[in-house]
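Subject: Structure handover

Hello,

Here is the structure I promised to pass on. Please open it first, then read my notes beside it.

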Amino acid sequence: MAVSESDILRSEVRWAMIVGVAVAVIFAAVIYTGIELHVNPPSNIETIDPKALHLSNEFTESNLGTRVEPEGRITTRIVATQFAFDPPCVVVPANEPVTLRLTTPDVIHGILVTGTNVNTMIVPGYVAQVHTVFTKTGDLLMPCHEYCGLGHSQMWATVRVVPRESFRPDAEGRVACD
Amino acid sequence: MTSVARLTKAHLWIAFAAFLVACVFGIWQMWARSPLATPYVIAEHYFLSVTAHGVAMAFVLTTFFIMGFGYFTAETALDRPLPGKPWAWAGFFLAVAGTLMAVAAILSGQASVLYTFYPPLTGSPFFYLGLVLVVVGSWIWCILMIVAMREWKGAHPGAPVPLAMFATVANAIMWLWTTVGVAAELLFIVIPASLGWVDTVDVGLTRTLFSWTLHAIVYFWLFPAYIAFYTMAPQAAGGRLYSDMMGRLTFVLFLVYSLPVGLHHLFMDPEHSTGFKFVQMSLTVLVAVPTLLTVFTISASLEIAGRLRGGRGLLGWIPALPWDRPMVLATGLSFVMLFFGGGGGLVNMSYGLNALIHNTSWVTAHFHLIFGGTVVIMYFAICYAIWPRLTGHEAGTQDAQRLQLWLWFVGMMIMSLPWHWLGLHGQWRRVAQFDYTNPIIAAWGPWVTTSLVGGILLFASAVVFVWNLAALRADRKAPVAPFAFATAVHQPARVPASLNGFGLWNVLVLVLMIAAYGWPIAQFFVLQPPHAVVHRVDRGG
């Protein structure tokens with residue numbers, strides 16, 4: 001079978017152009033979703049001393065869970081430890097912007113919330129922050145998804161998504177599971 | 001028989017012994033995660049098993065296979081004795097000693113930190129020192145590959161380095177670059193912590209250094225498969241390689257683009273900015289290019305073979321191919337798995353979309369399909385091709401080899417396709433057992449059990465594979481023809497100097513690594529983030 005060198009080169013250039021177009025389409029899709037749909041990875045680079053979380057203003061025991069901030073934003077603060085989340089259950093309203101803020105005093109953890117695209121690593125030394133809107137009501141699973149020690153398999157929490165009318169903050173703006 | 005036969009066989013037997021044991025661990029882990037009652041499941045056993053499975057498959061199988069195949073290629077493709085053979089044996093024994101050290105630490109339960117060993121979880125120093133010895137052994141291999149090519153070029157001025165060897169050296173050079181990240185992490189942070197010299201570690205820095213290694217290491221594993229695609233499959237099919245130049249370009253692109261992309265493993269991490277995540281995502285898109293070029297070149301090469309065998313029409317060349325030959329069969333099955341695995345990989349690398357599947361079974365499915373499927377099935381085919389040259393025995397029939405390859409393919413599909421589905425539905429990685437009384441999790445049960453069936457087929461295939469290699473001894477002793485790598489339709493008499501060596505590409509790698517990893521690493525020294533306290537897994541903590 002005689003294939004000339006120039007025929008081979010021509011076919012390769014044609015294919016290379018197809019590859020170029022395929023790569024450009026993927027690239028365009030990523031840029032479009034990033035800029036237009038705000039689908040970006042969690043990347044706030046905010047440090048916190050894991051050895052002194054209890055001394056921080058934000059991640060003290062009494063300030064954990066969901067709170068409607070004075071300016072109206074809804075923030076849920078969670079501490080991930082070996083081998084539990086504190087608090088183990090959080091309440092969030094459906095169809096409202098919610099900011100999750102998580103950190104850890106010990107080792108690397110991570111979370112996802114089943115049925116949503118909430119996902120972040122929790123790295124000691126940093127505050128992980130995810131902005132999201134929960135659209136379905138009900139109890140969602142929030143497991144630790146990074147190996148954190150022998151108790152890892154038992155480490156999970158519940159995200160309770162309630163309709164807006166059932167989301168009733170107390171005088172301090174806090175909402176808890178019970 | 002080649003003079004490196006003993007050396008190559010020693011490496012391959014270690015590789016496949018580790019592989020067989022790791023398969024047993026793997027199947028038990030899937031059983032534990034399923035709704036079926038499983039013996040011995042406690043957390044200590046499970047995470048010991050995951051660590052052993054990962055280390056055996058990702059570090060031992062791969063490194064020993066690549067070294068052994070590299071020595072064979074250096075002598076066969078260059079047609080001259082391997083330089084520095086005593087050094088090669090020294091590297092082998094160093095790597096064996098390291099493997100034994102790491103295995104002892106893992107099996108005693110002192111190193112259940114998984115094969116990614118993310119600090120501040122820290123295990124026995126013997127685990128890390130063992131891994132270092134394996135890497136140092138592989139560095140000796142890298143240097144011997146570079147020396148072998150240099151000596152050949154000295155004896156053949158201006159001649160193109162045979163493609164199989166050019167690719168092997170590209171892999172050796174890439175591996176030297178690749179291991180810089182993990183070596184820095186181990187030597188400066190993790191080993192001092194495991195020896196108790198420091199109490200705290202900068203976790204962001206360790207993750208970033210590990211990510212330097214974490215993507216390119218996959219291409220280190222993948223190179224032998226691509227070497228087989230380019231230089232063995234066309235020959236086995238009875239055709240010619242469509243283009244030698246495209247092969248060179250592909251291997252150079254792998255060297256350049258597999259390194260500055262590791263940050264895509266940290267898309268969901270809080271210690272890096274969207275800016276650098278975006279930069280490395282962009283470079284990751286480009287690493288799809290050499291694979292897409294390969295699919296074209298190899299398909300074209302096989303089309304030549306199919307048409308030479310009388311295939312007609314647009315697709316008539318496909319059934320005309322000699323699918324009964326293990327190398328051709330493995331290449332076809334490998335491409336099918338590459339299609340699914342590569343598609344899954346596009347989701348992983350797509351920046352924000354990564355949030356949907358990060359640390360779910362989708363990721364486990366992806367790398368089992370790409371590495372365990374696409375790559376390891378070619379390791380099998382390579383062994384079937386070179387084993388007669390190593391032993392002087394030719395298999396009487398190839399039925400058992402074909403059966404083994406089909407079992408591996410079917411098993412891998414049955415195992416990994418349900419994992420993709422489970423990952424999309426939120427099943428997370430790295431846990432020993434699920435609470436199947438939870439309604440969300442209960443729905444996963446049948447899929448997890450299905451994947452276990454795939455695992456059983458994979459294990460059966462692994463046993464048949466090792467049996468096939470061992471049983472060859474009983475087959476007829478035959479004068480085996482010297483091994484020949486595929487030649488191109490137009491075998492080049494001269495190639496540009498840039499595609500006959502790596503000087504230019506090393507400079508490009510350096511520039512890209514400074515651009516992609518310069519600030520992401522430097523930021524830790526500028527920001528001085530708070531450290532985390534070391535947590536020992538080997539002292540009940």
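A word on terms before we start: helices (H or I, at least four residues) and strands (E, at least two) are DSSP runs, numbered from the N terminus. With that in hand, find helix H13 (399-424) and helix H14 (439-442) of chain B; B:Arg430 lies in the loop between them. Please keep in mind that this is a predicted model.

The model scores ipTM 0.94 and pTM 0.96. Chain B has an average pLDDT of 94. In that chain, 99% of the residues score at least 70.

Is B:Arg430 buried or exposed? B:Arg430 counts as buried because it has 22 C-beta neighbours inside 10 Å, and the cut-off for buried is 20 or more.

Now go to B:Tyr40. This residue is not a glycine either, yet its phi is positive, about 70 degrees. Look for B:Tyr40 in the loop between helix H1 (5-33) and H2 of chain B. B:Tyr40 is exposed, because 11 other C-beta atoms lie within 10 Å and exposed means 12 or fewer.

Helix H2 of chain B covers residues 43-78. It has 36 residues. From first C-alpha to last it reaches 50 Å, close to the 52 Å expected at 1.5 Å a residue. Where does H2(B) bend? The bend is at B:Ala56, by about 35 degrees. H2(B) is also mostly covered, with 31 of its 36 residues buried. After H2(B) comes B:Asp79, with a positive phi near 55 degrees.

Helix H5 of chain B covers residues 163-194 and has 32 residues. It reaches 43 Å between its first and last C-alpha, close to the 46 Å expected at 1.5 Å a residue. H5(B) has a kink of about 45 degrees, centred on B:Leu186. Just after H5(B), B:Gly196 has a positive phi of about 85 degrees.

One buried leucine

Next, B:Leu241. Find it in the loop between helix H7 (233-236) and helix H8 (244-257) of chain B. Why does B:Leu241 count as buried? There are 27 other C-beta atoms within 10 Å of it, so B:Leu241 is buried, the cut-off being 20 or more. What does B:Leu241 touch, leaving aside neighbours within four places in sequence? Its contacts are B:Tyr230, B:Pro234, B:Gly247, B:Ser301, B:Ala486, B:Thr487 and B:Ala488. B:Leu241 and B:Ser299 are 58 residues apart along the chain, but 9.8 Å separates their C-alpha atoms.

Chain A: domains and strands

Chain A is divided into domain 1 (1-40) and domain 2 (50-175). The centres of these two domains of chain A, taken over C-alpha atoms, are 41 Å apart.

Strand S2 (residues 74-81) runs parallel to strand S5 (residues 97-103), and six bridges join them. As an example, A:Ile78 has A:Leu102 in S5(A) as its bridge partner. S5(A) also pairs with strand S8 (residues 128-133) of chain A. How do S5(A) and S8(A) run, parallel or antiparallel? They pair in the antiparallel sense, over six bridges. There, A:Thr99 stands opposite A:His131 in S8(A).

Two cis peptide bonds

The bond from A:Gln82 to A:Phe83 is cis, with omega near 5 degrees. A:Phe83 is in the loop between S2 and strand S3 (84-86) of chain A. In chain B, the bond from B:Pro119 to B:Pro120 is cis as well, with omega near 10 degrees. B:Pro120 is in the loop between helix H3 (85-107) and strand S1 (121-122) of chain B.

Where the chains meet

How many residues does each chain bring to the contact? Chain B brings 63 residues and chain A brings 53. On the side of chain B that touches chain A, the elements that give two or more residues are H2, helix H6 (203-231), helix H9 (274-286), helix H10 (288-308) and strand S3 (532-533) of chain B. Which of them gives the most? H10(B) does, with eight residues.

Best wishes

Note on methods
Residues numbered from 1 in each chain as written. Chains lettered and ligands numbered in written order. Predicted model: local features only at pLDDT ≥ 70, side-chain atom pairs only at ≥ 80, totals over all residues. Expected span 1.5 Å × (residues − 1). Bend = angle between axes of the 7 residues up to and from the residue. Pairing = 2+ DSSP bridges. pLDDT = per-residue confidence, 0-100. Domains from an automatic or database assignment. Contact = placed C-beta atoms within 7 Å.
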